[in-house]
Amino acid sequence: MFSFKMFSTSSLLAATCRVVTRRGAGRKNIRPRTYYTYSHEPFHPLKREPRWQTAYEAVSVIKSDDVVFVHGAAATPILLLKALTKHGKENNLSNVTICHIHTEGPALYAQPDCDGIFRSNSFFIGANCRTAVNEGRADFVPIFLSEIPLLFHRKIINIDVALVQVSPPDKHGFCSLGTSVDCARAAVQNARYIIGQVNPCMPRTFGDGVIHKSHFDSMVDGLANLPEHKPKDRSDVENQIGKLIAEELVEDGATLQMGIGNIPDAVLASLTNHRDLGIHSEMFSDGVVDLVEAGCITNTFKMFHPGKITGSFIVGTRRLFDFVDNNPFVVMCDVSFVNSIPVIAKNPKVTAINSCIEVDLTGQVVSDSIGTKMYSGVGGQVDFIRGAAVGRDGCGKPILAMPSTTSRGESKIVPFLKKGGGVVTTRAHVHYIVTEFGIADLFGKNLRQRAYELIQIAHPNHRETLEKEAFDRLQCMPSP
């Protein structure tokens, strides 16, 4: 199924320039290309066949100084990455850049024994690359999730080889990027060489993630279970936060965006009495399936893809993968569309629910680091915080949630951010901050008022200290 999307002028111009250049060369000078003959559109069938190879044979095309894109999240092509690591070690490769959003599996390419051979370049840091980034053996690019495709379209990052995982070709020769369309579509549009791990366990999804087999240079049989994220037991604090958000901030007919983790799951678990909810979110997990089965999610009032769940990638269990498989109720789209602020803003009652690490008394929000230690990334938080804030109907709710304290009992609401803490959501962007002790609405409030509201939702053990620190910083008492 094709989806209606808005493309940037720069993307269209770049595509036009490529077509004009190829056609203007004169027919007698045209030579077959190892990649697309004239179209970079993955939906378009070409008159060519991929080579079927072993994983090691396929990745042997990669050489020193290449830039390699790796499919992320549940779609991580672990078989290809294992073969690539072996190839790099055995053939003395050097300076191979591996670029990706968060990946699953052991990330062998980011281990100390691969230092100098491979260097990971994360657009969002997963747990498997966190140590390498913080030890200086890997890199991190701070970037909005919506803008990652621009890195490829504008040739800021030139991809030599793309490693992706896809469903088997159907009777027409079409494969699916399955669980992760996100920035992978842009990567295969711009890569010079594409290798596909063909996995019958990969669900076939509707939307933008379709790619014809003729666009692959090499295909590899890769039957394997997809990496799963099983739900963790939620704490009473997380359940209380979820209940507060569901009962006080989420309305019937709202369009939801949520991240991954116990707090978003707690919100979803508390929404079983809501009606006509819609999903337009860069990612979603198993909790959405429960609400669909309960009849709470109908997507009736959405402006884009009405009646359908809109996502960009999914992370969860096999139950979720089976739910999206060949299911026209779910549309997986390019993240530049899903996370487009103008697109988000047109949906009704956009309610964006994201987590954060630390908030200072003026409303600055840290989400990607703990002090100087990088933890995750910018992701889609600001895309949806802003999209909800400027919603056309004026009913959007940008929400950031966190427990009031760390596991060591330290307050997450602080007078000053930790040294090196990365501000992802600025104090001008912030609206609602939620802890287990309540909801602070900061929009339109001055610094004195913000400090007051945030102290009210801090842990009681820290409120007196925070009040004193607020006075020292602001030279006046926090007050409503």
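Visitor: Where does S39 lie?

Guide: S39 sits in the loop between α1 (9–23) and β1 (51–52). The model is a predicted one.

Visitor: What makes S39 count as buried or exposed?

Guide: Its relative accessible area decides. Buried means under 20%. S39 has 12%, so S39 is buried.

Visitor: How far apart are S39 and I101 in sequence and in space?

Guide: They are 62 residues apart in sequence and 26 Å apart in space, C-alpha to C-alpha.

Visitor: And P342, is that buried, exposed or partly exposed?

Guide: P342 is found in helix α12 (residues 341–346). Its relative accessible area is 46%. From D322 it is 20 residues away in sequence and 31 Å away in space, C-alpha to C-alpha.

Visitor: Why is Q475 called exposed?

Guide: Exposed means over 50%. Q475 has a relative accessibility of 59%, so Q475 counts as exposed. Q475 is found in the segment after α15 (460–474).

Visitor: What is the phi of Q475?

Guide: Phi of Q475 is near 65°, a positive value in a residue other than glycine. Most residues other than glycine have a negative phi.

Visitor: What is the phi of D65, and where does D65 lie?

Guide: D65 has a positive phi of about 75° although it is not a glycine. D65 lies in the loop between α2 (55–59) and β2 (67–70).

Visitor: Which residues of helix α4 are buried?

Guide: In helix α4 (residues 127–134), the buried residues are N128, C129, A132 and V133.

Visitor: What do the buried residues of α4 pack against?

Guide: They pack against β3 (96–100), β4, β5 (139–140) and β22 (373–374). Just after α4, G136 takes a positive phi of about 85°.

Visitor: What makes β3 mostly covered?

Guide: In β3, 4 of its 5 residues are buried. Strands β2 and β3 run parallel and are joined by 3 bridges. V68 stands opposite I98 in β3.

Visitor: Over how many bridges do β8 and β11 pair?

Guide: Strand β8 (residues 193–198) and β11 pair in the parallel sense over 4 bridges. The bridge partner of G196 in β11 is M219.

Visitor: Why are β9 and β15 said to stand at the edges?

Guide: An open sheet of 3 strands has the order β9-β17-β15, with parallel pairing. Strands β9 (206–207) and β15 (309–311) each have a single partner strand, so one side of each is left without a neighbour in the sheet. Between β15 and β17 (residues 330–332) there are 3 bridges, and G311 stands opposite M332 in β17.

Visitor: Which are the edge strands of the open sheet of 6 strands?

Guide: The order is β13-β12-β18-β23-β26-β27, and the pairing is mixed. The edge strands are β13 (278–279) and β27 (438–441), since each pairs on one side only. Within this order, β23 (residues 397–401) and β26 (residues 432–435) pair in the parallel sense over 3 bridges. A401 stands opposite V434 in β26.

Visitor: How many cavities of 30 Å³ or more does the structure hold?

Guide: The structure holds 1. The largest cavity has a volume of about 40 Å³. A cavity is space where a 1.4 Å probe fits but cannot get out.

Visitor: Which residues line the largest cavity?

Guide: Among them are Y109, C114, F118, R119, A132 and R137. By class, the lining has 6 nonpolar, 2 polar and 3 charged residues. The largest share, 3 residues, comes from strand β4 (residues 118–122).

Note on methods. Residues numbered from 1 in each chain as written. Predicted model: local features only at pLDDT ≥ 70, side-chain atom pairs only at ≥ 80, totals over all residues. Heavy atoms only, no water. 1 Å grid on protein atoms, 1.4 Å probe; cavity = no way out; pocket = protein on both sides within 12 Å on 5 of 7 lines; lining within 4 Å. Points joined across faces, edges and corners; volume = space filled by probe spheres on them. Helix = DSSP H or I, 4+ residues; strand = E, 2+ residues; numbered from the N terminus. Nonpolar A, V, L, I, M, F, W, Y, C, P; charged D, E, K, R; others polar. Buried < 20%, exposed > 50% of the residue type's maximum accessible area, 1.4 Å probe, protein only. Contact = heavy atoms within 4.5 Å. Pairing = 2+ DSSP bridges.
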